[in-house]
Amino acid sequence: MLVTNHVLSGAVIGSVARGPGQAFALGVASHFALDAVPHWGDWRDYDHFLHIAVRDGIAGLAIMGALTAAAPPGRRLTVLAGMAGAALPDADKPCRLAFGWSPWPECVNRFHAGIQQESQQRAPVEAAAGSIFGVTALTALLRGRKRTAL
């Protein structure tokens, strides 16, 4: 699953979690749950993967910043924690690119790779997931802002 979709789902989690610790832990768990769902991927080659991944990573960071800012002030840390937890397992990709190694133990890398069910034909699944998570996150955050304004 694209990291942007993980970030969006983490925002949803952060909008309902009790606090930052719970949001972070549920965000990490959600990452693996979403990666187990058949999704877009199985790139032609490493250059094709990088073409998508770099843009996705930048979009994910931009969305993380925007949704943190959109969150009600008292919920910002919890929303950010949900998004950070949901994105964290994919930190192996930029680490491998920049440093040539993964920050995770090999058993985690094997597990993470083993649950992926990717296909180049599943771009609509990725788009639908992003749309659902995006609308849900914005709705939850905007409702939270209205509640704190009352």
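**Figure 1. Order of the elements in the protein chain.** From the N terminus on, the protein chain runs α-α-β-α-α-α-α-β-α. The radius of gyration is 15 Å, close to the 15 Å that the globule rule gives for 150 residues, so the protein chain is as compact as a globular protein of that length. The model shown here and in the other figures is predicted. In total, the protein chain has 7 helices and 2 strands. Its C-alpha trace spans about 50 × 30 × 25 Å along the principal axes.

Figure 2. Of the 150 residues, 41% are buried. Among contacts with a separation of 6 or more, 79% join residues 24 or more positions apart.

**Figure 3. Aromatic pairs and the ring pair of Trp40 and Trp43.** The structure contains 5 aromatic pairs. In the pair of Trp40 and Trp43, the ring centres are 5.0 Å apart and the planes stand at 75 degrees; the pair is edge-to-face because this angle is over 60 degrees.

**Figure 4. Trp43 and the aromatic cluster.** Trp43 has a relative accessible area of 18%, which is under 20%, so this residue counts as buried. The rings of Trp43 and Phe49 have centres 6.4 Å apart and planes at 50 degrees, so this pair is tilted. Through ring pairs, Trp40, Trp43, Tyr46 and Phe49 are linked into a cluster.

Terms used. Residues numbered from 1 in each chain as written. Predicted model: local features only at pLDDT ≥ 70, side-chain atom pairs only at ≥ 80, totals over all residues. Heavy atoms only, no water. Helix = DSSP H or I, 4+ residues; strand = E, 2+ residues; numbered from the N terminus. Rg over C-alpha atoms; globule rule 2.2 N^0.38 Å. Buried < 20%, exposed > 50% of the residue type's maximum accessible area, 1.4 Å probe, protein only. Contact = heavy atoms within 4.5 Å. Phe/Tyr/Trp six-rings, centres within 6.5 Å; stacked < 30°, edge-to-face > 60°.
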